[in-house]
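Welcome! The briefing below will walk you through it topic by topic.

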Amino acid sequence: MIKACVIGWPIAHSRSPLIHGYWLKTYGIEGSYTRIPVEPQNLRAFVEGLRANGFAGCNVTMPHKEEVFRLVKVADEQTRRLGSLNTVYVENGTLYGTSTDGLGFLANLKSTVPALNLRNRKVVLLGAGGSAAAIAGNLLAEGVAELCIVNRSLPRAQAIADRFGSGIRPVGWDRRSVELAEASLLINTTSLGMAGQAQLDISLAALPSGAVVADIVYTPLVTDFLMAAQAAGYPVVTGLGMLLHQAVPGFEKWFGRRPVVTRELYELTARDIDPTYRP
Ligand SMILES: NC(=O)c1ccc[n+]([C@@H]2O[C@H](COP(=O)([O-])OP(=O)(O)OC[C@H]3O[C@@H](n4cnc5c(N)ncnc54)[C@H](OP(=O)(O)O)[C@@H]3O)[C@@H](O)[C@H]2O)c1
C-alpha cells in the first residue's frame, strides 16, 4: 500500500484527495492519498518523519511551501530560483522537492490551445504572487522574448525579475490595459475575479485578435474576465485545468504511473467546485 498526502494549515479545502483518489481508482492502484493538517511548529518533524511513517511523498500547500523548500533537496533549477515548492518525493532514500505549478499551467495551456507557440513572443502576466513566480519561470523556459509582469506592488514584480533574470519587465498596475499591445498571451494570476473578491478591471482593446487569454482563478470555473474575453472572440483557458495538470508529476513519482487528465476528471472536480456545473 503506497501512501501519499497533502499537508497545509488549514487543509480542509484541498481538492487534491479528489484528484489523486480518482487516479488511484482509475488505475486500480493500491494506495491512499489523504489530507493532513500540520501546524507550523510541527512541520519540520512531520517532513523529517515522512519516510519513517511510510509515505512515498506529499503535496505541500499554504503556509508551508517556502519552509519545506528549506527542508528537502531541490534538484531542478526552476524550483531553486523560485524558493518554494508544492511536491515532495523520495528518491534513493532522499527527500526531494519540486514546484509543479508552472508545469501545470503550461501543460493545461498546451492541451487547450495546442497551436500556441510562445517562442519569441510577448506575454503579459497580471499579478506577482506565488503562482505568478512559478508560471514566469516556465514561460521563460518556453522561449518567451518579453514577459511583462504587471502588479499593484511593483517591488513584487521586480523580485520575480531578480530571481529569473532578463526577459522580465516589471510594470505598474495602471499600465495593465496599454501593455496588451503585441501580446500573444494574457494571464491573470491575481486573486481578482475569485468568488468574494473584486472583479478584474481591464480593457482588452489593445490586445491583438487571436491572442490567448488565461485565468488561473477557478472559483468560479469561468471568471467574468474570461467570459468578457470569450465574448470579444479570444480563445480562453480556464484555471481548473492547471490544478489538475500540476498534480500529474507528484502522482507519477509516488505511484509509478503517469496519470492522464481526462474529461471525466475535469467534470468530477468542476462539480465539486460548483454543483450546478453542466458540461
Ligand atoms: N489554477 C490553479 O491551479 C491555481 C494555483 C494557484 C493559485 N491559484 C489562484 O490564483 C490566485 C492567486 O494565487 P497566489 O497564490 O499567487 O496568490 P498571492 O501570492 O496572494 O498573490 C495575489 C496577487 O493578486 C494581486 N492582487 C490582490 N488583490 C488585488 C487588487 N485588489 N488589485 C490588484 N491586484 C491584486 C496581488 O497584488 P499585490 O502583490 O500588489 O498584493 C498579487 O499579485 C488565487 O485566486 C488562487 O486561488 C490557482
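**A short tour of the model**

Let us begin with Pro10, which is found in the loop between strand S1 (2–8) and helix H1 (16–26). The peptide bond that leads from Trp9 to Pro10 is cis, with omega near 5°. Please keep in mind that this is a predicted model.

- Most peptide bonds are trans, and most residues other than glycine have a negative phi, so exceptions are worth a look.
- A cis peptide bond also runs from Met62 to Pro63, and its omega is near 0°.
- To find Pro63, go to the loop between strand S3 (55–60) and helix H3 (65–71).
- Asn92 is not a glycine, yet it has a positive phi of about 50°.

**Where the ligand sits**

- Which pocket holds the ligand? The ligand sits in the largest pocket.
- The ligand is surrounded by 21 residues, and the closest are Ser131, Asn151, Arg152, Ser153 and Ile216.
- Two helices, H6 (130–141) and H9 (240–245), each supply at least two residues of the shell around the ligand.

- The side chain of Ser131 has an N or O atom that is 2.4 Å from an oxygen atom of the ligand.
- For Ser153, an N or O atom in the side chain is 2.5 Å from an oxygen atom of the ligand.
- Leu243 takes part through its backbone, where an N or O atom lies 3.3 Å from an oxygen atom of the ligand.
- On its own, the ligand has 930 Å² of accessible area, and the protein covers 77% of this.

**A closer look at Thr238**

- Thr238 has its place in the loop between strand S12 (236–237) and helix H9.
- The side chains of Thr238 and Tyr266 are joined by a polar contact of 3.3 Å.
- Which residues does Thr238 contact, leaving aside its neighbours within four places in sequence? Thr238 is in contact with Asn108, Asp215, Leu221, Val222, Leu226 and Tyr266.

Methods
Residues numbered from 1 in each chain as written. Predicted model: local features only at pLDDT ≥ 70, side-chain atom pairs only at ≥ 80, totals over all residues. Heavy atoms only, no water. Near = heavy atom within 4 Å. Polar contact = N/O pair within 3.5 Å; in protein donor to acceptor, adjacent residues only side chain to side chain. Areas by Shrake-Rupley, 256 points an atom, 1.4 Å probe, with all protein chains shown as cover. 1 Å grid on protein atoms, 1.4 Å probe; cavity = no way out; pocket = protein on both sides within 12 Å on 5 of 7 lines; lining within 4 Å. Sits in = over half its atoms within 2 Å of the grid points. Helix = DSSP H or I, 4+ residues; strand = E, 2+ residues; numbered from the N terminus. Contact = heavy atoms within 4.5 Å.
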